[in-house]
Amino acid sequence: MNSPAPLSFTAFLQCTDYSLLRCLTADPEQARHAPNKTLRQVKSGHYVEVLPTPLPNPRYVIHSRSFFRELNLSESAASSGSFMHFFTGNPTVAVGAANADVESPHVQASGWASGYALSIYGQEMYHNCPFKNGNGYGDGRAISVLEVLLSNGHRWEFQLKGGGTTPYCRGGDGRAVLRSSIREFLASEAMAALGVPTSRALCLFVSRSETISRPWYSPGAKTEEPDRMVDEPAAITTRAAPSFLRVGQLELFGRRARKNEHPRALAELEAIFLHTLAREYPDIATQLCHPEATLTDKVLAVAREFGARLSRLAAHWIRVGYCQGNFNSDNCSLGGRTLDYGPFGFIEAYNPMFQMWIGGGEHFSFMNQPIAAVTNFKMFCTALVPLLGQDAIQELGKILEAQPEIMNREMNRMWAEKMGLAEFRMELFAALHALMAETPVDYTIFWRELSNLPRHVAALRPGFYETRGGYAQDSVAMEARWAVWLQKWHAALEQEGRDPAGVSAAMKRVNPKYIPREWMMVEAYRSATDAGDYSLVQRLHDVLDDPYGEQSETVAALYYKKKEEKFFDLGGTSHCSCSS
């Protein structure tokens with residue numbers, strides 16, 4: 001069957017279908033607060049209509065060719081004036097240009113931001129809110145501008161990150177800088193190529209004239225906190241997802257319903273749950289569309305599936321070496337995908353407590369992410385309690401009680417795949433985990449080299465940080481321990497009797513060769529920020545588009561390499577306090 005012709009941007013806009021605006025309710029007070037660009041309490045409604053603040057003198061930086069192909073969007077769209085205007089915060093100009101020859105325009109020149117609540121590791125947070133009641137949280141600088149339903153049935157919402165102030169800004173300027181925008185673009189598209197559920201990055205534009213002052217690190221600084229203020233170019237990344245609904249949104253409306261804050265509170269909770277069902281769980285919505293299906297049936301079905309998705313997501317994160325860094329409920333997508341690339345990091349020298357963000361704490365560290373995911377699932381269940389009767393609450397409690405075991409099974413399955421085993425073996429894994437941390441190993445290089453099924457320690461040595469940890473203290477003893485483990489591992493492989501070539505190939509499908517290491521992204525965004533040279537951003541994006549491929553020797557020499565000693569303990573490279 002022939003593929004349909006790629007869509008022009010004008011044709012793409014004709015696919016608009018604003019289900020969120022159609023199915024949910026706007027803040028009833030938004031008209032008297034127009035244009036809704038300043039901080040205020042939003043006490044009711046699911047969203048506030050707010051136009052983005054245009055990025056002045058925009059310049060194209062990059063777009064995702066692979067995502068354009070998934071959207072069936074023509075490559076030429078990225079260079080069109082209407083595309084640039086639309087995704088730099090000028091939808092009125094863009095729609096006027098795009099609809100110049102269209103009799104019945106479907107798209108509106110508008111935007112919207114949404115409220116959500118915050119809980120941190122299972123604790124509802126109020127004191128961080130300007131109003132001390134949770135109504136100050138929401139998309140402070142993320143403005144959705146478009147929702148499309150494509151001919152293949154896929155729905156996408158497009159959101160400008162850095163699109164200006166909204167009522168939820170909590171005193172911020174509503175902007176993003178080029179540095180953090182490049183990180184988000186590269187990381188989200190790398191995660192998609194790695195096979196991890198994630199929001200996507202459509203395009204990135206930077207302003208030629210607007211700069212934003214942000215605290216950041218001096219080159220070479222090894223301080224925990226940024227040591228200076230830096231004027232950085234303002235930028236907008238357009239990110240996309242089937243929806244941007246979060247656990248925190250259900251929490252906000254769940255809290256209001258639980259406290260009976262206003263007469264519409266329970267109805268608003270039900271409405272946003274049903275919208276979540278339609279947007280994120282269409283298969284379940286179809287199965288339960290018959291008259292006999294109750295709201296309780298729908299809540300319990302979504303809870304079971306969401307728990308399964310969260311388990312798979314956490315396993316994917318550990319598989320590829322990703323640490324979210326700030327996995328609060330407001331950063332937990334109801335669709336079970338990675339959301340909000342701020343204080344994230346990819347682990348290099350293995351440390352179970354790895355955490356890029358100095359404010360994240362151990363509870364959001366690398367190996368604690370499955371526990372954080374279970375905690376977010378608890379907050380999801382808590383939010384939905386007002387919709388249920390007593391019997392259903394007990395059934396939901398059983399689903400919650402089962403979640404840690406579901407998570408554990410998913411993690412064990414993932415570790416078995418990484419080790420090339422058909423069955424998980426705890427003793428073998430426990431010994432390996434200790435060795436990885438004590439050596440320490442480079443997480444990505446070690447697993448990739450192990451995928452070649454080496455029998456001797458020398459083959460793994462390229463993945464060892466030889467000047468750090470146990471290897472630096474006693475390399476002979478460490479290598480002896482590794483030799484014993486390799487022998488036991490090969491014995492386990494042989495016991496399963498599988499074809500070695502097939503095992504190696506399977507391991508290389510789950511153990512990537514290339515990841516977005518922070519020092520690589522630093523090099524790319526510094527070149528872009530300091531010299532206006534985006535070639536390193538594009539080159540790194542191209543490499544990360546094929547993370548499991550061997551690629552060329554030149555690429556391997558540049559990007560398949562350990563973190564150099566000079567980058568350890570370096571502010572903005574090994575750790576950060578913010579990423580805005």
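**Pockets, sites and domains**

Guide: G140 lies in the loop between strand 5 (123-124) and strand 6 (142-149); helices (H or I, at least four residues) and strands (E, at least two) are DSSP runs, numbered from the N terminus.

Visitor: Before going on, what kind of model is this, and how are residues numbered?
Guide: This is a predicted model, where local features need pLDDT of at least 70, side-chain atom pairs count only at pLDDT 80 or more, and totals for chains, interfaces and linings use all residues. Residues are numbered from 1 along each chain as its sequence is written, and side-chain values use heavy atoms, with hydrogens and water left out.

Visitor: Back to G140: buried or exposed?
Guide: G140 counts as buried, at 15% relative accessibility. Buried means under 20% relative accessible area, exposed over 50%, and partly exposed in between (1.4 Å probe, protein chains only).

Visitor: What does G140 touch?
Guide: Not counting residues up to four places away in sequence, G140 touches G164, T165, T166, Y168, C169 and G174. Contact means heavy atoms within 4.5 Å.

Visitor: What counts as a pocket?
Guide: On a 1 Å grid over the protein atoms alone, a pocket is an open set of points with protein on both sides within 12 Å along at least five of seven lines. A cavity is a set of points where a 1.4 Å probe fits but cannot get out, and lining residues have an atom within 4 Å of a point.

Visitor: And what is the volume of the largest pocket?
Guide: About 970 Å³. Grid points are joined across faces, edges and corners, and a volume is the space filled by probe spheres set on the points.

Visitor: Which residues lie nearest its centre?
Guide: Of the 38 residues that line the largest pocket, Y116, R141, R170, N326 and D330 lie nearest its centre. By class, the lining has twelve nonpolar, 15 polar and eleven charged residues. Ala, Val, Leu, Ile, Met, Phe, Trp, Tyr, Cys and Pro count as nonpolar, Asp, Glu, Lys and Arg as charged, and the others, Gly among them, as polar.

Visitor: What does UniProt place at D330?
Guide: The feature "active site", again from an unreviewed entry. D330 sits in the loop between strand 11 (322-323) and strand 12 (345-346). D330 is buried, with a relative accessible area of 11%. Leaving out residues up to four places away in sequence, D330 touches Y116, A117, L118, R246 and G248.

Visitor: Where is R239 found?
Guide: R239 is in strand 10 (residues 228-241). R239 is buried, with a relative accessible area of 2%. Beyond its neighbours within four places in sequence, its contacts include K161, R246 and D340.

Visitor: New topic. How is the chain divided?
Guide: Into domain 1 (9-245), domain 2 (251-417) and domain 3 (423-497), with bounds from an automatic or database domain assignment. The centres of domain 1 and domain 2, taken over C-alpha atoms, are separated by 23 Å. Their contact takes 47 residues from domain 1 and 43 residues from domain 2.

Visitor: Where does the second largest pocket lie?
Guide: Domain 1 and domain 2 both give residues to its lining, so the second largest pocket lies between them. About 510 Å³ of space lies in this pocket. Of its 26 lining residues, A278, R279, E280, Y281 and P282 are the closest to its centre. Helix 8 gives the largest share of the lining, six residues.

Visitor: Last one: how many cavities of 30 Å³ or more are there?
Guide: A search of the whole structure finds four. The largest cavity has a volume of about 70 Å³. Its lining has 13 residues, with L20, S114, E157, F244 and Q249 nearest its centre. Strand 3 gives the most to this lining, with three residues.

Technical notes. UniProt positions are given in the numbering used here, feature names are shortened, and annotations may be inferred rather than shown by experiment.
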